[in-house]
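Please examine the sequence and the structure shown here before reading on.

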Amino acid sequence: MDIRALLFDVNGTLIDIETDEGLEEIYRAIGHFLTYQGISLHRWEVRDLYFQILQQQRAGSAEEFAEWNALEVWREFLRNTASDYTRSLPSEKQEQLPLFLAELYRGIARKRLRLYPQVQETLDQLRSHYRLAVVSDAQRMYAIPELRAVGLLNYFNPIIISGDYGYRKPDPRLFQKALDALQVRPEQALFLGNDLYHDIFGAQQVGMKAIFLSSDQGDPPYQTISPDYTISRFAELSQAVDYFVTLE
């Protein structure tokens with residue numbers, strides 16, 4: 001096979017991450033911060049309104065695999081709670097508040113952020129031979145800083161993030177956007193992911209060969225979905241790529 005590009009899922013594939021949105025300190029910290037923006041809310045009011053807006057956003061989508069948008073959630077949150085004092089803040093600050101709240105939320109919710117073993121070393125070997133791209137179910141204001149924090153941001157182009165489009169994997173349009181940006185055909189690219197339905201099935205829908213990384217994250221197995229190759233450690237990816245390269 002004429003393989004020219006490798007596409008990757010991120011969380012659970014490249015990055016070992018753990019978050020906990022149930023942490024009380026998230027909503028306490030945001031409630032305290034909002035006090036200085038003219039908004040007085042108890043932590044449980046912050047939590048309840050946040051999830052209410054998020055659920056309304058998802059329910060209002062016409063997409064089969066609807067994705068939410070963190071910035072829009074916090075913009076709506078502020079529209080619903082702003083006081084006269086909040087609205088009197090400098091326009092530049094008002095514009096930045098949704099982003100700051102999204103980053104603050106994620107930062108407190110995050111409990112672990114690190115690369116899986118041998119990820120960087122393996123990518124260093126592969127990127128001299130193949131173009132590398134990302135297709136991830138994520139929010140851009142989370143994914144880009146997290147890729148930078150673990151040293152991977154400059155490895156990938158393009159970086160396709162579901163939160164930018166309003167739909168998530170396995171929607172084939174996300175995979176196709178990456179292929180179009182790379183200017184390669186589906187049969188010229190391989191996809192690596194840790195979720196059989198969202199990653200493997202999604203990539204196969206557009207005609208790509210899909211490699212399944214059996215990690216500690218991802219949904220339960222789907223008996224009707226068969227990856228084209230399976231690895232248990234990231235370091236085995238080079239061997240998997242070589243296998244496809246040698247296929248006629």
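In this predicted model, Asp-16 counts as buried because its relative accessibility is 4%, under the 20% cut-off. Its salt-bridge partner is Arg-114, with the closest N and O atoms 2.9 Å apart. The two residues lie in distant parts of the chain, 98 residues apart: Asp-16 belongs to strand β2 (residues 15-19) and Arg-114 to strand β3 (residues 110-115). Arg-114 is partly exposed, at 46% relative accessibility.

| Salt bridge | Closest N to O distance |
|---|---|
| Arg-114 with Asp-16 | 2.9 Å |
| Arg-112 with Glu-18 | 2.7 Å |

Arg-112 in strand β3 and Glu-18 in strand β2 tie together parts that are 94 residues apart in sequence. Arg-112 is partly exposed at 23% relative accessible area, and Glu-18 is partly exposed at 30%.

Arg-140 lies in helix α7 (residues 140-149), while Asp-164 lies in the loop between β5 (159-161) and α8 (172-182), so this pair connects parts 24 residues apart in sequence. Through shared partners, salt bridges join Asp-16, Glu-18, Lys-111, Arg-112 and Arg-114 into one network.

Turning to the helices, the axes of α2 (residues 43-59) and α3 (residues 70-81) come within 9 Å and cross at roughly 125°; the two helices are therefore oblique to each other. Their crossing is right-handed. The residues of this contact comprise eight nonpolar, three polar and two charged. Among them are Val-46, Leu-49 and Ile-53 in α2, and Val-73, Trp-74 and Phe-77 in α3.

Definitions and conventions
Residues are numbered from 1 along each chain as its sequence is written. This is a predicted model: local features need pLDDT of at least 70, side-chain atom pairs count only at pLDDT 80 or more; totals for chains, interfaces and linings use all residues. Side-chain values use heavy atoms; hydrogens and water are left out. Axes are lines fitted to C-alpha atoms, for helices over the stretch in contact, and angles run from 0 to 180 degrees between N-to-C directions. Helices (H or I, at least four residues) and strands (E, at least two) are DSSP runs, numbered from the N terminus. Angles under 35 degrees count as roughly parallel, over 145 as roughly antiparallel, 65 to 115 as roughly perpendicular and the rest as oblique. A crossing is left-handed if the near helix is turned anticlockwise from the far one by less than a right angle, and right-handed if clockwise. Contact means heavy atoms within 4.5 Å. Ala, Val, Leu, Ile, Met, Phe, Trp, Tyr, Cys and Pro count as nonpolar, Asp, Glu, Lys and Arg as charged, and the others, Gly among them, as polar. A salt bridge is a side-chain nitrogen of Lys or Arg within 4 Å of a carboxyl oxygen of Asp or Glu. Buried means under 20% relative accessible area, exposed over 50%, partly exposed in between (1.4 Å probe, protein chains only).
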